[in-house]
Amino acid sequence: MNLWRNIFTLIGVLVWLAANATTFTEDFSGNPATNGWRIFGNPNLFQWDSTNHNLRVTWDSSQTNCYFHRPLGTILTRDDDFQLSFDLTFTDYAIGVTPGKSNSAPVALGLLNLDQATRTNFLRGTGINSTYGAKNLVEFDFFPAFQTFLPTIGQVVVSTNNQWLYNHDNLQEMTPGETFHVQMAF
């Protein structure tokens, strides 16, 4: 995988599940660890800021899979309506910081099956691959510009059998220092 480092701040998260008529909201005003949030992987990549009420995240593709996650307590299927929204501010980002690796993997935020995503053979960057590829996820992606690739916002849904539905036609820069509100409805 190509190395890409960035730092971003997650200001709030809202998940609405029509199937259970449930809304989950996190504004990070309190310690998220006391509200069911957990860390898988390197805990040094996630810092709760009690003064500014946000979560500071360092995304580093040289690390193994790392997640800041909270169980929803349900399994969503294709028959369920749900929404996911959050506010996101990049402090900075840099791609191609490893010689000979100038391309980029995206920053991804969304919903996933943690049992599958924590397996040692889960490699998100393999794409459509029945052995190693992602399964059971819905995500927002941001790719910064690299080589001839323009900055892109994407949405991805991957089924249980690694079938992909994606939209990467949204050419949009996410300028460091600006806060972006992302809302996805399914």
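Two strands count as paired here if DSSP finds at least two bridges between them; strands (E, at least two residues) and helices (H or I, at least four) are DSSP runs, numbered from the N terminus.

A word on the model itself: it is predicted, with local features requiring pLDDT of at least 70 and side-chain atom pairs counted only at pLDDT 80 or more, while totals for chains, interfaces and linings use all residues. Residues are numbered from 1 along each chain as its sequence is written, and side-chain values rest on heavy atoms, with hydrogens and water left out.

Zooming out, the protein has 12 strands and one helix, running β-β-β-β-β-β-β-β-α-β-β-β-β from the N terminus on. The β8-β9 pair belongs to an open, antiparallel sheet of four strands, ordered β8-β9-β10-β11. Its edges are β8 (107-112) and β11 (164-171); each has a single partner strand, so one side of each is left without a neighbour in the sheet. From one strand to the next, the twist averages 10 degrees, taken between axes that are lines fitted to C-alpha atoms, with angles running from 0 to 180 degrees between N-to-C directions.

Among contacts (heavy atoms within 4.5 Å) with a separation of 6 or more, 65% join residues 24 or more positions apart. The protein exposes about 10300 Å², of which carbon and sulfur atoms supply 50%.

Then there are the aromatics. Rings of Phe, Tyr and Trp (its six-membered ring) pair if their centres lie within 6.5 Å; planes under 30 degrees apart are stacked, over 60 edge-to-face, and the rest tilted. The whole structure holds 11 such pairs. One of them, F82 with F186, is stacked, at 5.1 Å centre to centre and 25 degrees between the planes. Since F82 lies in β7 (residues 82-95) and F186 in the segment after β12 (179-185), this pair ties together parts 104 residues apart in sequence. F82 is buried at 7% relative accessibility, whereas F186 is partly exposed at 34%. F90 and Y93 make an edge-to-face pair, because their planes stand at 85 degrees, with ring centres 5.4 Å apart. F90 is buried, at 0% relative accessibility. Elsewhere in the listing of aromatics, F24, F28, W37, F46 and F68 form one cluster.

Notes: Areas by Shrake-Rupley, 256 points an atom, 1.4 Å probe, with all protein chains shown as cover. Buried < 20%, exposed > 50% of the residue type's maximum accessible area, 1.4 Å probe, protein only.
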